[in-house]
Amino acid sequence: MFKSIGSTWLLNVLQILVLMKLTPYVVGNLGTDLNGVWVTIVSMTGILSLFILGVPMASVRFITEHVARKDAPAANRAIATCLGIALFLGACALVIGSALWFAFDARYLHGALGEHLSDATIADARLAFALVVVQVSLGFAMRLPYAIFDAHDDFVLRNWIMASELVLRLTTTLALLAWRAELVMLAWVQLTSMVFEFAVLWLVIRKRYPEVRFALAGFDRTLVKRILGFSLFAMLLNVGTLLAFRADALVIGAYLPAEEATFFDMGNKFFDPLTQFLISVGAVVMPMATRLRTTGNHAELRDVFLKWSKVCVSLVLVVGVYLLVLGPAFLGAWVGPEFAERSGPVLQLLMLSFLFYLPVRGVSLPLLLGLGKPAFPALALLAMGVINLALSLVLVSSQGILGVAFGTALPNVFFAAAVLVHACRELDVPVRQWLGYVASRAALGALAPFAFLALVRWALAPHGFVALIASGVAMVLVFACVWVFFVYRGDP
């Protein structure tokens with residue numbers, strides 16, 4: 001299990017390095033206004049992801065179940081059925097995306113978002129939006145092969161393929177924006193990278209899993225109802241995630257100037273890779289939970305729940321302590337001085353809530369999905385997204401982007417508490433035991449690195465990029481010592 005998760009973490013590190021390179025590069029080439037338009041395009045087309053109805057997540061569960069039983073014909077029927085559903089839903093997304101194109105043009109490009117944009121830039125934004133719609137719609141089927149790798153516990157090879165796509169995206173973004181700093185260049189990068197990724201996946205599947213058929217032959221109508229039944233709750237997870245973390249840019253774009261979307265996005269920039277870092281654990285935990293449930297190994301399932309929850313809490317704390325203390329200064333050195341003041345408070349407020357949200361999202365939620373009990377976390381995440389959107393709409397006019405950040409932060413904490421308690425009940429693990437093993441020593445241990453960074457900030461006030469990185473490295477050393485000699489002392 002650690003080998004699979006470790007390879008995914010290496011991929012996450014690469015994603016973070018690419019993010020560190022591309023973020024200032026894209027903002028510097030496009031400018032804050034044009035980057036704000038791109039953030040809005042990505043957020044608005046993200047709505048289309050709802051039309052996949054959670055089929056990728058359902059495909060992992062159903063294919064894994066058949067692979068665990070070594071029933072290749074049944075696995076192929078599940079693959080064919082999921083592919084057929086994905087192609088149909090992708091076509092629906094393309095139609096809805098065409099309607100969204102008109103809404104984007106009328107509500108945003110001719111609203112507050114586009115009031116400072118030239119006619120040429122508006123035309124470029126229209127074409128970029130259309131290309132992203134095509135990319136998202138095709139992605140329904142083109143990313144489905146990853147379920148086959150997950151079901152076979154082949155995460156290392158999967159991550160190599162994802163890393164190659166990431167490197168391609170990095171190089172093409174740097175080259176195309178250097179040639180023409182336009183939104184349509186970013187859209188072409190997204191589309192071509194996905195096509196390359198699918199081609200590699202298809203070739204590897206044919207060679208590595210000769211018994212697997214990634215085709216429509218074998219489509220089983222009797223499976224559609226079962227897959228969609230599970231997918232319904234997975235879709236609710238997607239809806240909640242969209243409302244909680246993608247709708248913020250739409251709210252800001254509708255009520256505030258375009259540059260405000262950029263300032264919020266910079267404050268929120270660290271949380272997507274950090275979330276992916278924790279979801280990497282969940283990507284392994286979910287099929288493992290399905291296998292352990294199928295084989296009746298409940299004791300090992302509880303052990304996985306406790307141990308990996310503690311690992312996730314540790315990972316979130318090591319990043320969270322740094323961002324809470326030196327995050328605004330890091331933004332100023334990384335992107336520009338104005339971002340320390342404008343985006344820094346957003347970063348700190350969101351980080352406080354993600355200390356609670358991320359460990360639960362990384363372990364508790366995928367465990368429940370793997371056990372075939374998606375209803376509660378799906379409804380909880382949906383409620384979290386609705387409350388987020390409502391609070392953001394109420395606060396955006398009076399409090400600006402900080403109000404939107406508060407609208408995101410508060411529901412995060414309530415969601416984490418509710419899903420954690422439910423997971424503990426399902427696994428027969430008392431909440432007191434979870435808190436005692438996972439959270440108590442970790443919270444106490446975090447005080448030492450927090451105090452160290454606070455002292456560094458007060459005594460040295462590091463502002464340069466090198467000084468801030470050095471402070472982070474020193475904090476990690478303090479963190480490691482505390483974790484080895486106190487937090488993990490006596491752990492089996």
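Asp 265 is buried, with a relative accessible area of 15%, which places this residue under the 20% limit for that class. The model that shows this is a predicted one. Although buried, Asp 265 has a charged partner: Lys 269 forms a salt bridge with Asp 265, and the closest N and O atoms are 3.0 Å apart.

Another of them joins Glu 197 to Arg 143, with 2.5 Å between the closest N and O atoms. Glu 197 lies in helix H8, which covers residues 183-208, while Arg 143 is found in the loop between helix H5 (119-142) and helix H6 (146-151); the pair therefore ties together parts that are 54 residues apart in sequence. The two partners can also be described by their accessibility. Glu 197 is buried, with a relative accessible area of 4%, whereas Arg 143, at 36%, counts as partly exposed.

A further salt bridge is formed where the side chains of Lys 373 and Glu 426 meet, at 2.7 Å from N to O. Lys 373 is placed in the loop between helix H14 (344-370) and helix H15 (375-426), and Glu 426 lies in helix H15, so this pair ties together parts that are 53 residues apart in sequence. Lys 373 is partly exposed, with a relative accessible area of 38%, and Glu 426 is also counted as partly exposed, at 28%.

Most residues other than glycine have a negative phi. Asp 428, however, has a positive phi of about 60° although it is not a glycine. Asp 428 lies in the loop between H15 and helix H16 (431-459), and its relative accessibility of 60% makes it exposed. A second case is Ala 461, whose phi is near 45°, again a positive value in a residue other than glycine. Ala 461 belongs to the loop between H16 and helix H17 (465-487), and at 37% relative accessibility it counts as partly exposed.

Attention may now turn to aromatic side chains, of which the structure holds 15 pairs. In one of these pairs, the rings of Phe 263 and Phe 339 are tilted, with 5.0 Å from centre to centre and 45° between the planes. Phe 263 lies in helix H10 (residues 258-267) and Phe 339 in helix H13 (residues 337-342), so the pair ties together parts that are 76 residues apart in sequence. Phe 263 is buried, with a relative accessible area of 5%, and Phe 339 is buried as well, at 2%. A pair of another kind is made by Phe 479 and Trp 483: their ring centres are 3.8 Å apart and their planes lie at 20°, so the pair is stacked. Both residues lie in helix H17, four residues apart, which is about one turn of the helix. Phe 479 and Trp 483 are both buried.

Aromatic rings also take part in other arrangements. Ring pairs link Phe 270, Tyr 322, Phe 330, Trp 334 and Phe 465 into a cluster. The ring of Phe 263 has the charged end of Arg 342 over it, 4.2 Å from the ring centre.

The pockets remain to be described. Rolling a probe the size of a water molecule over the atoms shows where empty space is left. About 930 Å³ of space lies in the largest pocket. Its lining consists of 26 residues, and those nearest the centre are Ile 16, Val 318, Val 319, Tyr 322 and Val 476. Two or more lining residues come from each of helix H1 (2-30), helix H11 (271-295), helix H12 (298-334) and H17. H17 gives the most, with nine residues. By class, the lining has 24 nonpolar, two polar and no charged residues.

The second largest pocket has a volume of about 450 Å³ and is lined by 20 residues, of which Val 313, Leu 317, Leu 355, Phe 356 and Ala 443 lie nearest its centre. H12, H14, H15 and H16 each supply at least two residues of this lining, and the largest share, eight residues, comes from H16. In the second largest pocket, the lining has 20 nonpolar residues, with no polar and no charged ones.

Technical notes
Residues are numbered from 1 along each chain as its sequence is written. This is a predicted model: local features need pLDDT of at least 70, side-chain atom pairs count only at pLDDT 80 or more; totals for chains, interfaces and linings use all residues. Side-chain values use heavy atoms; hydrogens and water are left out. A salt bridge is a side-chain nitrogen of Lys or Arg within 4 Å of a carboxyl oxygen of Asp or Glu. Buried means under 20% relative accessible area, exposed over 50%, partly exposed in between (1.4 Å probe, protein chains only). On a 1 Å grid over the protein atoms alone, a cavity is a set of points where a 1.4 Å probe fits but cannot get out, and a pocket is an open set with protein on both sides within 12 Å along at least five of seven lines; lining residues have an atom within 4 Å of a point. Grid points are joined across faces, edges and corners, and a volume is the space filled by probe spheres set on the points. Ala, Val, Leu, Ile, Met, Phe, Trp, Tyr, Cys and Pro count as nonpolar, Asp, Glu, Lys and Arg as charged, and the others, Gly among them, as polar. Rings of Phe, Tyr and Trp (its six-membered ring) pair if their centres lie within 6.5 Å; planes under 30 degrees apart count as stacked, over 60 as edge-to-face and the rest as tilted. A charge sits over a ring if NZ of Lys or CZ of Arg is within 6 Å of the ring centre and within 35 degrees of the ring normal.
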